[in-house]
Amino acid sequence: MGAPRGPTDTIIALASGSGRAGVAVIRASGPGSAGVIRALTRANQPYPGDSSGPTGSEGALDPADVSRETPQPQSLPQPRKAAVRKLFDEAGGFLDEALILWMPGPLSYTGEDVAELHVHGGPAVVEAVIGAALRTRLCRIAEPGEFTRRAFDSGRMDLTQAEAIGDLIDAETEGQRRQAGRLYQGEAARVFEGWRGLLVSAMAALEASIDFPDEADIPGEINLSALEPIETLAVDLEQALGDAGRLASVREGFRIAILGPPNAGKSSLMNRLARREAAIVSPIAGTTRDVVEVRLVLSGYPVWVADTAGLREASDAIEAEGIRRALARAEEADLRIWVSDVSDNPDASRETSSTFREGDLRVLNKADLLETSPSSAGAEDVFVVSARSGAGMDPLERRLAEIVRERLETDEAPLVTRARHRELVEEALAAVERALEGARIGIGAELVSEDLRLAARSLGRITGSIDAEDLLDRIFSQFCVGK
Amino acid sequence: MTRSSTGSRRPMQTDTFDVIVIGGGHAGAEAAAAAARFGARTALVTHKLSTIGEMSCNPAIGGLGKGHLVREIDALDGVMGRAADRGGIQFRMLNRSKGPAVRGPRTQADRHLYREAVQDILREYSNLTLIEDGVEDLITENGRVAGVIGQSGRSWRAGAVVVTTGTFLKGLIHIGEKRIPAGRVGEAPAIGLSDRLYGLGLQMGRLKTGTPARLVAASIDWAGLEMQDADADPIPFSFLNDRITVQQIACGITWTSAEVHAVIGDNLHKSAVYSGAIAGRGPRYCPSIEDKVKRFADRDKHQIFLEPEGLPGTEAGELIYPNGISTSLPEDVQEAFIRKIHGLEHVEIRRFGYAIEYDYVDPRELTPDLAVKKLPGLYLAGQINGTTGYEEAGGQGLMAGLNAARFAAGNDPYILDRSRAYIGVMIDDLVTRGVSEPYRMFTSRAEYRLTLRADNADQRLTEEGVKAGVVGSVRRESFHVKRSSIDTARMRLEALTLTPNEARSNGININLDGKRRNALEVMAYDGVDFAKLRSIWPELSDVTPQVAEQMEIEAQYAGYLDRQDADIVAFRKDEDMRLPSDLDYRAIGGLSNEAKEKLSTVRPATLGQAARIEGMTPGAITAVLGYLRRSARKAEKAARG
């Protein structure tokens, strides 16, 4: 089981469900909780009256403004009274505005000092706040079930809660199962297993040289060639952390691309969705030359809608570049809306494109110019609208909201698990680098092996545990031991 | 230990003891001595007093992991380290060139000197009686053990009994197609006691091990062989000894060849193991030569150490133990392949090799104090628990003897956990996970290996042992002197500081960051040893070499040990969470049937142990914890209401 790394350290995790709600609750528990609040709120000006302070004007939300404020120590909110505070990262960058609950132990969920940060829901905010908290080095990501466990340990769990513990565990393992089953299914799981295998192999060579010094079959000294696969592993781990960063940027918003032939009304459609004039609309085909984006909130998730240049044979280099970008954006997008002018070509939805994917939506625009319903109206994921008048927009917006919710809910593993994985991979990488550096400068095999063991343990917390028997199996299958 | 040496020969006034130990092997000797040190009136009953302390297999003590166990036994004032120092004839520090955590003290031992040393040490205990009789059965009363019955018909009463019968439980020797019931060659197995243990309903199994032929030293052609000398500066096992005075000898090294392998390969079907006659599973790290030839067919030779069983000119020294060719092939095949080995062309074989199968008790039948769950007062130690090796046996024997004595006196068990000792790692592995092959210690089994070193066994355990009542006054005083000199040295090193510039002028390359560093911190830098510190601070010249070595090791491992300490704190939290021995796992909701089954079998003593059971999930552990918490609340409420 994942043992806690210390009875008195401080843990942090997303306490609410991932993503979908307007509010996400991040909880910290342990003696460092106060320090975490102070660190995250340190650049902020205290509000007069903690429990009833104003929420701040729109202008104050501009990161450029707040980052110029002089950092100053921030007092803790009054215990058990809601306080609104702005949160900043270590560089003074604005993160979010949060409702903070400060509950010093022992009268708290876990019996320890507990802080709850109610931030705006959505993966990007939560990720950013937890990330900033971890970088204070005052806390670490909680193991699954660790808050509950601490509550047990301190005797804070009351009878009713205790009765429900079985359900809680199920929920947690369900989260782990989903994480293993979806995000890390297939490729990633195999990759983790592969990494673990590399570590066990390398350790087996080192451990064999340690535990069987008189064996002719085993090289007596630390065998640097055994570490070559570990050099590769270090690169792979770094790469994975880089990929994790890209994944995080994807989580900043669900991306929708509006595509279609020129003058189909793509810009009008976007403006309708955005409820403002974000894109220039004109009757001239090819007005939109570059990608124009607006940010929406659908189902509580941030969504970026991109209006793109119409797809046709370009008439000049600028337009050609716009079309290239449109196609690139279509490729990256999580969802594509294919717009066509229903009055020009009532069956435009039959048009195919190399970038059309199952699940994309078709919109037949300019329905106001048509007297009868087009033949494809009523088909699944085909919407007849008038972007100009707004007719038919409600079903389209409902469907978009539904898609966003479905995709984010099913594709997203619980955020805490993912952040936990990243932390564990970072730990493993640090240990692997210590091992390689140690081997280079010639420290003892037992120290190199110790770091590999720590690396394997970190990875083992993601995929399962490794113990001495794994190692011994490997040694005995590789070497003829028994002098 | 300087007690009356006449105790054992004095006729006892009574046939009643606090603790009776059955068996006089390495587990039995440590168990009897530990119980006696605790102050228990102790008897050791064995079928043959003259073989107490006998080395049935390889005449060597220590090695990797095993040497750690010997040092721990010694730190707890046991017998093995002192006996090895008196019997050791080829001391070698294995992995001398590697780090201190993985150095393993080892010595070849003179079979006779070692046995005499064990017997001498046991005779020093005035409250220990040695009785010659084969134990045939246990006496039980009111659901607990009450004594033993000998083959002679005599019986003795005791508050606790420790069984250390090694391979004697339904022992069966195989040589080719021959099968001979025996505990050791020429000695009868203990069948009655085995039946008794089966009668208790204990889960039992069968293991096998093997031993090579014994060769006559004078018939070996030594001239053409590579020799391996003892270390020039033999380092004693016992913290009580500062030098080795026994003569040191060399061992020979030879190799098998393709020709040898051909003989073995042609006769594989005659081996007891390959003919299917043996059901028990043998150790992978100590395979028979037929196993090696079959499993590693691509190797064209295997190494053999020719280890004298004693000093030259003595009876024991007439024989050579050829380490690496244990076998259960028939005698004629053994003779044929051995005589094809370089240097052994004209060898005379004194006794042929054999495989031995024996019963063991699934150690998951035991609590971590090595007590049998199903029969209070009964303790098991050594090979009977599925282990192999003198050192593994000795470590268990010491803990079983101590705990039997504590039980007889009404004290709580004394348990060493995995973070404190290799002994703790071993016993936890046994009682938590059981065995599938004879269990041997390796340093890779110890997750806190950097902390659990052979060099610091006394600092880890002697004070603990004093509190547990198993360390005598001589050891205690000697340890206190050493500890205070280490503490003093550490404080002195912490008080001596220098600047980076001063360090550089002494040839130590330190960042010019303006920070003063103390001598311990300076010693953590590459290439800085205690001698270097002495050259900077001449006043350190009065620090003894032993203390200086401890300081060097601590400095060398500093960063790693800090990380490990943090790990240990977390580990102990789960170890401190005790689980009631009568916990009804079947009543816990949210546990899979498999988890319920495993928990009910092992009955873990702590939450940490529960988590180490094979296949246990975090969810299962949390469910156990939740159930416990609920039960505690209910009990509290009931008490109030």
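Strands E7 and E8 of chain B form a hairpin with 2 residues between them. In its turn, Asn142(B) has a positive phi of about 50°. Strands here are DSSP runs of E, at least two residues long; helices are runs of H or I, at least four; both are numbered from the N terminus. E7(B) spans residues 135-141 and E8(B) residues 144-150, and they pair in the antiparallel sense over 6 bridges. Pairing requires at least two DSSP bridges between the strands. Asp137(B) has Ile149(B) as its bridge partner in E8(B).

This is a predicted model: local features need pLDDT of at least 70, side-chain atom pairs count only at pLDDT 80 or more, and totals for chains, interfaces and linings use all residues. Residues are numbered from 1 along each chain as its sequence is written, chains are lettered from A and ligands numbered from 1 in the order in which they are written, and side-chain values use heavy atoms, with hydrogens and water left out.

Next, a helix pair. The axes of H1(B) (residues 26-38) and H9(B) (residues 390-408) come within 7 Å and cross at roughly 30°. Axes are lines fitted to C-alpha atoms over the stretch in contact, with angles from 0 to 180 degrees between N-to-C directions. The contact (heavy atoms within 4.5 Å) includes Ala27(B), Ala31(B) and Ala34(B) of H1(B) and Gly394(B), Gly397(B) and Gly401(B) of H9(B).

Buried means under 20% relative accessible area, exposed over 50%, and partly exposed in between (1.4 Å probe, protein chains only). Leu269(A), Met270(A) and Leu273(A) are among the buried residues. Arg275(A) follows the helix with a positive phi, near 60°.

Now the salt bridges. Each is a side-chain nitrogen of Lys or Arg within 4 Å of a carboxyl oxygen of Asp or Glu. Arg336(A) bridges to Asp360(A), with the closest N and O atoms 2.7 Å apart. Arg336(A) lies in strand E10 and Asp360(A) in the loop between E10 and E11 of chain A, so the pair ties together parts 24 residues apart in sequence. Arg336(A) is buried at 2% relative accessibility; Asp360(A) is buried at 4%.

Another bridge runs from Arg563(B) to Asp451(A), at 3.9 Å between the closest N and O atoms. Arg563(B) lies in H17 of chain B and Asp451(A) in H13 of chain A, so this pair joins two chains. Arg563(B) is partly exposed at 32%, whereas Asp451(A) is buried at 0%.
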